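Hi,

Here is the structure I said I would pass on.

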Amino acid sequence: MPESTLHGNLSAPHKVALITLGCARNDVDSEELAGRLAADGFELVDEAEDAEIAVVNTCGFVDAAKKDSIDTLLAASDLKGRGRTKAVVAVGCLAERYGKQLADELPEADAVLGFDSYQDIGDRLRTILGGGHVEPHTPSDRRLLLPLTPVERQAGTTGTAVPGHGTAGDATSAEAEISDLPTGLAPASGPRTLRRRLGDGPSAPLKLASGCDRRCSFCAIPSFRGAFLSRRPSDVLHEARWLAEQGVREAVLVSENSTSYGKDLGDLRLLETLLPELAAIDGLDWIRVSYLQPAELRPSLIGALATTPKVVPYFDLSFQHSAPGVLRRMRRFGDTDRFLELLASIRELAPTAGARSNFIVGFPGETDEDYAELERFLTEARLDAIGVFGYSDEDGTEAAGFPDEDKLDQDLIDERAAALADLADDLVAQRAAERIGERVRVLVEEVSGSYVEGRAAHQGPEVDGSVRLTGDLASIKVGDLVDALVTDSEGVDLVAELTERN
């Protein structure tokens, strides 16, 4: 890593804004970029109109996310020539997935950079600001960049960029003292990777792993995020301690598949031993694990998630459907009854555990009976949060190549998706109403005058509803953990009366 990356440049700093779209994994990647840029002498600003260069961390998951990413790039580009903003750069999953194609179709973006550019992002941005040309990223199948055998991957990462894991070019920074880094920066993986928080809330994502080895027929993520790669426990713990020092009270472990953690490190039960070590960190009060695959959720891991102190009993389960025929065509496993048994085993250990999932409606070959089976599952599952997506072909996936006669008409997909979304709204409202009379612990996230809002342990950040607090709220502040009694529900959200401050 160049010396300027550790000590900053002596010239006046360029101002850069990072705009992040998509999931919590992208949030972590943006904070790595922020750390690299701050350490390299850039000044980070919140708004694109205040920046010389806007960097948009895009999402490339589904059509709606792609459109949002393109709209955001266009909106940022509209600022050029009307103020300080001189350039707009696309990074992230959409840029990694489409690269030159995106650059050709979106000339408003001044550059399209893939993950390989993260290590020297500062040099790339200076070139662009200086009027130079940076070649757009050329996509490749990132599943082929690491060894096929999981246990060989840790040694095979040399020269392969994995956001949040450090890269070969960072090795020289291992000799740098933490005190040499600018204020607010962390060596997020040992001293290999930098991170700077872009927000100051009491919850923060913490990357557990990257990539995925599953081959779901509808999903393109492994092709641009790569094969599954765990972060070493020492790196995760190091970053978690730093987050706690920054005032974070909830660490949310994120990955494409947290249930696979450790398989490439020779210990598939590594998460079960890591959780108590994370819980022992002073200042961290909640540990939340996201992105669990039902087919890989073994009893010992359920027990660890449900009973380890400070680990909130929260199960973010990737069901996708429940009709066995649809699941097999998706290259997935399970069925309605097995999924209900899984939920029952969780609630036997943790009766108030939170459970959420997403579902795809209108997958090729889905029959009326399949759709009815999915409705049956949702009706019996008592999930706290439900996401519904209508199926759409994704470039490069197996399902996109299924015969046209198996594809459902778009009108039928839309009809089923709307009907299931309505059912989901009713069901999560019923589940929230079941919690009236329940005692909950709430992490306060917003205080505005007499209005105080937070989340209970069964609610994940941003997607699972919230808790509005009532009662004597004097001196309550963001980041407090308080006990409350649920008195009412409003759709998926709860109303709870404060009973005790912590």
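This is a predicted model: local features need pLDDT of at least 70, side-chain atom pairs count only at pLDDT 80 or more; totals for chains, interfaces and linings use all residues.

Most residues other than glycine have a negative phi, so I flagged it. Gln320 is also buried, because its relative accessibility is 12% and the cut-off for buried is under 20%.

Arg331 is the other one to look at. Arg331 is in the loop between helix 11 and helix 12 (336-349), and it has a positive phi of about 65 degrees without being a glycine. At 48% relative accessibility, Arg331 counts as partly exposed.

**Around strand 13**

Phe315 belongs to strand 13. Buried or exposed? Phe315 is buried, with a relative accessible area of 0%. Leaving out residues up to four places away in sequence, Phe315 touches Leu292, Leu297, Ile302, Leu305, Ala306, Ile346, Ala353, Gly354, Ala355 and Arg356. Val289 is 26 residues from Phe315 in sequence, and their C-alpha atoms are 7.5 Å apart.

**Helices**

Helix 9 (residues 270-279) is largely enclosed by the rest of the structure, because seven of its ten residues are buried. Those buried residues are Leu270, Leu271, Glu272, Leu274, Leu275, Leu278 and Ala279. What covers them? The cover includes strand 8 (203-207), helix 8 (233-245), strand 11 (250-254), strand 12 (286-289) and helix 10 (299-307).

There is also a helix pair for you to check. Helix 2 (residues 24-39) packs on helix 6 (residues 121-129) at an angle of about 70 degrees, and their axes are 9 Å apart. That angle makes helix 2 roughly perpendicular to helix 6. Leu33, Arg36 and Leu37 make the contact from helix 2, while Ile121, Gly122 and Leu125 make it from helix 6. By class, the residues of this contact are four nonpolar, one polar and one charged.

**Cavities**

How many cavities of 30 Å³ or more does a search of the whole structure find? The search gives six. The largest cavity holds about 110 Å³ of space. It is lined by 13 residues, and Arg142, Ala161, Val162, Arg225 and Gly226 are the closest to its centre. The lining of the largest cavity is made up of eight nonpolar, three polar and two charged residues.

**Strand 20**

Last stop: Leu498, which is part of strand 20 (residues 493-501). Leu498 counts as buried because its relative accessibility is 14%. Apart from neighbours within four places in sequence, Leu498 is in contact with Thr470, Asp472, Leu473, Ile476, Val482, Asp483 and Ala484. Ser140 is 358 residues away from Leu498 in sequence, with 53 Å between the two C-alpha atoms.

Cheers

Definitions and conventions: Residues are numbered from 1 along each chain as its sequence is written. Side-chain values use heavy atoms; hydrogens and water are left out. Helices (H or I, at least four residues) and strands (E, at least two) are DSSP runs, numbered from the N terminus. Buried means under 20% relative accessible area, exposed over 50%, partly exposed in between (1.4 Å probe, protein chains only). Contact means heavy atoms within 4.5 Å. On a 1 Å grid over the protein atoms alone, a cavity is a set of points where a 1.4 Å probe fits but cannot get out, and a pocket is an open set with protein on both sides within 12 Å along at least five of seven lines; lining residues have an atom within 4 Å of a point. Grid points are joined across faces, edges and corners, and a volume is the space filled by probe spheres set on the points. Ala, Val, Leu, Ile, Met, Phe, Trp, Tyr, Cys and Pro count as nonpolar, Asp, Glu, Lys and Arg as charged, and the others, Gly among them, as polar. Axes are lines fitted to C-alpha atoms, for helices over the stretch in contact, and angles run from 0 to 180 degrees between N-to-C directions. Angles under 35 degrees count as roughly parallel, over 145 as roughly antiparallel, 65 to 115 as roughly perpendicular and the rest as oblique.
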